[in-house]
Amino acid sequence: MALRFLGTTSENGDCPTLYEIEGTDEILVQGDGETDPQHLVQLRDVKESETFVRVPRELLTRYAPSTPAPELQPFAAVSHLFREFRHTAWRLETRRGYSTDRRSPKWQRFLAGEDVGHDPDNAWRANVREQTAQGKRFGRVRLVDEPLTQGQQYLLATAPANVAAGEDIRNLTRADAERLRLPDYDFWLFDSKTLARFAFDEDDTTLGVYVTEDPAEVLAACQARDAAWHHAVPTAEFAKRVASTV
């Protein structure tokens, strides 16, 4: 089963850290092993398979989920939030490609070398214009590899139309994301309150979303957003950097 990074209080990227074991209600704790014999002798009902680690109270306070693990829902379950959010809708994109992009007719145009960055508005961009006209903000940070994958090249090529509609789209290298200890999963964060975390299969197809307002999970997403946003590069500037290396 996959592990999902929840958070760490470490300054140097080592331990302690919390993970969720996806598909279960269990949390995996990473920390220094307990070796003090005076402590070990006081432990109760110890099985041979068990081990013990030390972590600061702050780690559990900040990152341990306080509500049951959410169930997987269809992405359509959160579609209303893209109209009803009050202030901000923010996305972290972490994958090297998405099956929805590869199935799009625009993908073949991209492969043929056509300009796919200035298409007319679609339903998504029309809604972005409507919401941003009310003072709301759409933002997203896309993690990119060096060099960019074909899927990341496609997203960069198509981004100008979304930016023109009102989205603030930025790019961050995967190396920087790892240094910043950002999550390795995609999510939308609405109004710093509601988190919709994506689930994908091995072919980059969306299986659905886990929706939660658990304070620990939302806090971790807010911290990831702030760190990513500070270091990410706006689309136009990033595109120039990429072009200069080709």
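I began with the largest pocket, whose volume is about 710 Å³. I took a pocket as an open set of points on a 1 Å grid over the protein atoms alone, with protein on both sides within 12 Å along at least five of seven lines, and a cavity as a set where a 1.4 Å probe fits but cannot get out; lining residues have an atom within 4 Å of a point. Grid points are joined across faces, edges and corners, and a volume is the space filled by probe spheres set on the points.

The model is predicted, with local features needing pLDDT of at least 70, side-chain atom pairs counting only at pLDDT 80 or more, and totals for chains, interfaces and linings using all residues. Residues are numbered from 1 along each chain as its sequence is written, and side-chain values use heavy atoms, with hydrogens and water left out.

I listed 24 lining residues for the largest pocket, with Arg-91, Glu-93, Thr-100, Asp-101 and Arg-140 nearest its centre. The largest share of that lining, five residues, comes from α7 (helices are DSSP runs of H or I with at least four residues, strands runs of E with at least two, numbered from the N terminus). By class I noted ten nonpolar, six polar and eight charged residues, where Ala, Val, Leu, Ile, Met, Phe, Trp, Tyr, Cys and Pro count as nonpolar, Asp, Glu, Lys and Arg as charged, and the others, Gly among them, as polar.

Next I turned to the second largest pocket, which holds about 420 Å³ of space. Of its 20 lining residues, Leu-148, Phe-238, Arg-241, Val-242 and Thr-245 are the closest to its centre, and α10 gives the largest share, six residues.

I then looked at how α7 and α10 meet: their axes, lines fitted to C-alpha atoms over the stretch in contact, come within 10 Å and cross at roughly 155 degrees, on a scale from 0 to 180 degrees between N-to-C directions. The pair is therefore roughly antiparallel, a term for angles over 145 degrees. In the contact (heavy atoms within 4.5 Å), Leu-156, Ala-159 and Val-163 of α7 meet Thr-235, Phe-238, Ala-239 and Val-242 of α10.

Finally I counted two cavities of 30 Å³ or more. The largest cavity has about 50 Å³ of space, and its lining includes Glu-93, Arg-142 and Leu-156. The second largest cavity, of about 30 Å³, has a lining of six nonpolar, no polar and two charged residues.

How values were computed: Parallel < 35°, antiparallel > 145°, perpendicular 65-115°, else oblique.
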